[in-house]
Amino acid sequence: MASFSLPPIHDHPDGGWGPSSSNLPEQFKFKDIPYAPYSKSDKLGRFADWNDVSSDGRQNPAGLPVTVNTRGGGTSGRRGDRNQAFGSGTASAFAYFHVEDESSFSLVDNKATAPRRGSAFTRGRGATRGTAAYPARGAVRGGRGGPLGRTGQAARGGRRGWRDWEKNNRTRESSITISPQWSMLEEVEFHRLAKLRLDVDEPEEIESYGRLFAYDKSYDRVTTKTEKALHLVDRIKYNTTTSDDPVIQELSQANVAKVYTTDVILSVLMCATRSVYPWDIVINREGNNLFFDKRDGGSFDTVTVNENAADPPQDPAPPNPNNPNEKAAVPEIPSINSATSLSLEATYINQNFGFQSVLETAPPPAVDFANPNPFYGPEESEPLASCGYRYRLFDLGITEDEDIKICVRTEVDAYSPGQGNPREGQGLVTIRALNEFDPRAQGAGGAPDWRSKLDSQRGAVVATEMKNNSCKLAKWTVQSVLAGADLMKIGYISRANPRDNTRHVILSTASMRPTEFAAQLNVSLANGWGIVRTVTDMCMKMPEGKYVLVKDPNRPVIRLYSVPPGTFTADDEDGEGQEETFEEDE
């Protein structure tokens, strides 16, 4: 029977790592080769590296440490560590030097000698030692020895990359708390959504409700020198979700369409690939019908500010409950330039600018649509805002036999006098507003000062807003196209004082056609309809119930969750019960 004998194990007598030079086995054939110690954390890149190539292209003998200049234009310490070869700088056992040959060898250099420090061309601190000359002092100090191409940002002030690690690690909270009882059904990345495409024909108008006032054209002539104050106007404007709309309930009973939603919810879904902030859409499937709803107090009720900027506005980080010192350091009053404060300010500006920029007294007279406002009850006492609701039907079918139609409640804010009959969809206007808070504050996105640049360099201001608010402008444009508006008015509104977020002035108003502005923003309506059709097909495959489409707060991904039927209604009922109890106690 074969036997197994355990081979002898030669331990290191000193308890170190690797073989011992004093206790090598006789049969070890590499015993005459010296052992180079190394660390277990080293990365094995190659078996042998006879020449260590430094980051500046020079070759050093293996085993010799790389000379690093951390102050000048040479290799920085962190870059040198990243490019350092395995075993370099720790052992010189394999380094071989041609002492006699190198002592007798000389290189003839016929290149021109660089001017010495202190000469007429490089005098002063404009040039660094041992590196190429730099154009300015700020570039040298800000660039930290980097190449000439990096000096632009450094010359503007701060150091490049300052606290970039903290900006990238700032995580956003989800717009809705994901419960453990929810089950994730689908996950779709944005790059897959960007490839979708569906061409949709002109819609069919079903019904129209509301009353429209004429747009005041005097706001088109406002300049930075003739600015107008923004006033608080008390008007009622409803933003009811889809399931609570009485008109949509009647249309769904008549089976007019299979999908029902509003233009605000649909624009978020069509522009999903541009979104950065989190959002969520509640989807109810009842029979063969789908209802896209929003939650009360969700992200659909406010307007974002500089969502697509490289460094968007941030909310203060929540205090660590385990650190009592951090609790005391957090101010009680939030900053007026935080993301939440700016969002509320932008929502206030949009509503009041739309209320103020219309003519409520004739002439020209107000225009009533075929039906009155469906949300205005007889018990309401405050006046209604200028708003018209157009219920339009879009066909999402790919073939003629496919019957997938979506009914959308769209909104228009005013009509332009002399542009045709508004009842027939002519001369309709949507009114929006962009706001400036403080060009020097964090999150401004490099926006120029509107008071000095809006009249002379409007193109630069518009380009900056299109970059910093790409998602918001795209949603406004899609809403105008869905409503069939001929014009979209965008007001430029700034604070009267950068430190006061309660007083604002109107600096200018721009007028543009939605389809042309969509082309400038590179908004593809066909891609948006493709996203809507994809989400519709995903939900139609599921059984009846309630679902939530959630945009990940930190990744370009949307996820579809299945939730219990009474998930959000129970929360609302609990909140109403608490309010009633509180009123009874008072």
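Buried here means under 20% relative accessible area, exposed means over 50%, and partly exposed lies in between, with a 1.4 Å probe and protein chains only. Because five of the five residues of strand 9 are buried, the strand is largely enclosed by the rest of the structure. Strands (E, at least two residues) and helices (H or I, at least four residues) are DSSP runs, numbered from the N terminus. This is a predicted model, in which local features need pLDDT of at least 70 and side-chain atom pairs count only at pLDDT 80 or more, while totals for chains, interfaces and linings use all residues. Residues are numbered from 1 along each chain as its sequence is written, and side-chain values use heavy atoms, with hydrogens and water left out.

Strand 7 (residues 259-262) pairs with strand 9 (residues 289-293) in the parallel sense over two bridges; two strands pair if DSSP finds at least two bridges between them. Val259 stands opposite Leu290, and Tyr260 has Phe291 as its bridge partner. Strand 8 (residues 280-286) pairs with strand 9 in the antiparallel sense over five bridges, with Glu286 opposite Asn289. The hairpin of strand 8 and strand 9 has two residues between the strands, and Gly287 takes a positive phi near 70 degrees in it.

Ten strands form an open sheet with mixed pairing, in the order 3-19-18-8-9-7-13-12-4-11. Strand 3 (183-189) and strand 11 (367-368) are the edge strands, each pairing on one side only.

## Arg409

Arg409 is placed in strand 13 (residues 405-412). Its relative accessibility is 1%, so Arg409 counts as buried. The side chain of Arg409 makes a polar contact with the side chain of Asp245 at 3.0 Å. A polar contact is a pair of N or O atoms within 3.5 Å; within protein, one must be able to donate a hydrogen and the other to accept it, and residues adjacent in sequence count only if both atoms are side-chain atoms.

Leaving aside neighbours within four places in sequence, Arg409 is in contact with residues including Asp245, Thr261, Phe375 and Tyr391. Contact means heavy atoms within 4.5 Å.

## Salt bridges

Side chains of opposite charge can pair when their charged atoms come close. A salt bridge is a side-chain nitrogen of Lys or Arg within 4 Å of a carboxyl oxygen of Asp or Glu. A search of the whole structure finds 18 salt bridges. In one of them, Arg559 and Glu187 have their closest N and O atoms 3.1 Å apart. This pair links distant parts of the chain, with Arg559 in strand 19 (residues 557-563) and Glu187 in strand 3, 372 residues apart. Arg559 is buried at 13% relative accessible area, whereas Glu187 is partly exposed at 27%.

Glu402 and Arg533 also meet in a salt bridge (2.4 Å, N to O). Glu402 lies in the loop between strand 12 (387-395) and strand 13, and Arg533 in helix 15 (residues 525-540), so the pair ties together parts that are 131 residues apart in sequence. Glu402 is partly exposed at 26% relative accessible area; Arg533 counts as buried at 8%.
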